[in-house]
Amino acid sequence: MQDIIKVAVDAMGGDNAPGEIVKGAVDAVATRNDIKVLLVGQQDIVTEELEKYTYPKWQIEVVNADEVIETAEPPVMAIRRKKNSSIVVGMNMVKHMEADAFVSAGSSGAILVGGQVIVGRIKGVERPPLAPLIPTENGVSLLIDCGANVDARASHLLQFAKMGSVYMEHVVGIKNPRVAIVNIGAEEEKGNALVKETFPLLKECKDINFVGSIEAREIPHGEADVIVCEAFVGNVILKLYEGLSSTLIAAIKQGMMSSLKSKLGAALALPSLKKTLKAFDASGYGGAPLLGLNGLVVKTHGSAKANEVKNSIIQCVTFKEQDINGKISEKIAETE
């Protein structure tokens, strides 16, 4: 009998909860029969939403959590005070091995704090980074860190590179992934103090395939598989990426509808265009795992809809099957 991966999902987190979260869970179990989703949230509300769908009853279970952590709440205080919130209950399920993973579109701050305080870090990991996959010309790259550690040190970035390499090799399937550090030029002597301190550490590290610096304009071309930076830079890159993508897509659509001639051309180009635009839809790659924890925690966009929730749930299966936490633990222990 195949192993069943249990994924706890925050049914109350995000702008579109619980509707899109529940729909994403239903879509996930319709796609795979090796997943059981534990929807964590206010039982009556979540159950009412579930009643709209037909699905294998054994694959979805509602776990009651009366409280909700709002985005504007101070994260540390919220985690301490709201013990029966969907985020705290879900993370405790991972801690106590009642679930293999936890997925949430809720408060980023609460998820980051809860991940470290409740789930806990792997021994030797200094700081857990958020690491989303971003689309490129050649497929995807891993942006690490994109929001967890704004004031990172060189030793943190070195660990990010190692953890990111493990993830890209064993989850995405890229052998010997190319690692680059975000910089303002290709020359080794360029960069701020953090980059200058980190560069030689990455260069000397035998555990990774370091290819040097990468400028922001080269990221969409897929010049590296693992893109290393501290969270301030990473978050700016990610938000610009998302904003520019949506702006370009809207502009293309508007241009295609501007005249009869352009509409006729659009009709001919539409199949190829849809395929291209789909490749640059970030929701197709799931959420951002918080790497380096004792269990898997995945943060999806606050505006996530069903497709992103579904893909975030499904990505947990590969993470578990490939024992990513075990491989990260081994990689970090090698240098201690």
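Asn16 sits in the loop between strand E1 (5-10) and helix H1 (19-31). Helices (H or I, at least four residues) and strands (E, at least two) are DSSP runs, numbered from the N terminus. The model is predicted: local features need pLDDT of at least 70, side-chain atom pairs count only at pLDDT 80 or more, and totals for chains, interfaces and linings use all residues. Residues are numbered from 1 along each chain as its sequence is written, and side-chain values use heavy atoms, with hydrogens and water left out.

Stay with Asn16. Its relative accessible area is 24%, so Asn16 is partly exposed. Buried means under 20% relative accessible area, exposed over 50%, and partly exposed in between (1.4 Å probe, protein chains only). Leaving aside neighbours within four places in sequence, Asn16 is in contact with Ile21, Gly302, Ser303, Ala304 and Lys305. Contact means heavy atoms within 4.5 Å. Gly302 is 286 residues away along the chain, yet the two C-alpha atoms are separated by 8.0 Å.

That pairing leads to the chain as a whole. Among contacts between residues at least 6 apart in sequence, 72% join residues at least 24 apart. The chain holds 11 helices and 11 strands. Its C-alpha trace spans about 65 × 60 × 45 Å along the principal axes. A compact globule of 336 residues would have a radius of gyration near 20 Å, and the chain agrees with 20 Å. This radius is taken over C-alpha atoms, and the globule rule is 2.2 Å times the number of residues to the power 0.38. Of the 336 residues, 50% count as buried.

The largest nonpolar core has 64 residues, and Val7, Val37, Leu39, Ile60 and Ile313 touch the most other members. Helix H6 gives the largest share of this core, 9 residues. Such a core is a set of buried Ala, Val, Leu, Ile, Met, Phe, Trp, Tyr and Cys residues joined through side-chain atoms within 4.5 Å. Beyond four places in sequence, Ile313 is in contact with Val7, Val9, Gly24, Ala25, Ala28, Ile35 and Val37. Another core, of 40 residues, lies apart and includes Ala99, Ile111, Ala180 and Val297.

Now turn to a sheet. Five strands form an open sheet with mixed pairing, in the order E5-E6-E9-E7-E8. Strands E5 (133-136) and E8 (209-214) stand at the edges with a single partner strand each, so one side of each is left without a neighbour in the sheet. The twist averages 30° from one strand to the next. Two strands pair if DSSP finds at least two bridges between them. E7 (residues 178-182) and E8 pair in the parallel sense over 5 bridges. There, Val179 stands opposite Phe210 in E8.

H6 (residues 154-172) lies across E5, E6 (139-144), E7 and E9 (226-228), at about 150° to E6. H8 (residues 231-256) lies across E5, E6 and E7, at about 50° to E5. Axes are lines fitted to C-alpha atoms, for helices over the stretch in contact, and angles run from 0 to 180 degrees between N-to-C directions.

Finish at Asn325, in helix H11 (residues 324-333). Asn325 counts as buried, at 17% relative accessibility. Not counting residues up to four places away, Asn325 touches Ile122, Leu293, Asn294, Gly295, Leu296 and Phe319.

A last word on confidence. pLDDT is the predictor's confidence in each residue, from 0 to 100. The chain averages 90, and 93% of the residues score at least 70. Among the elements, helix H9 (residues 260-279) has the lowest mean pLDDT (67) and E9 the highest (98). Where pLDDT is low, the predicted coordinates should not be read in detail.
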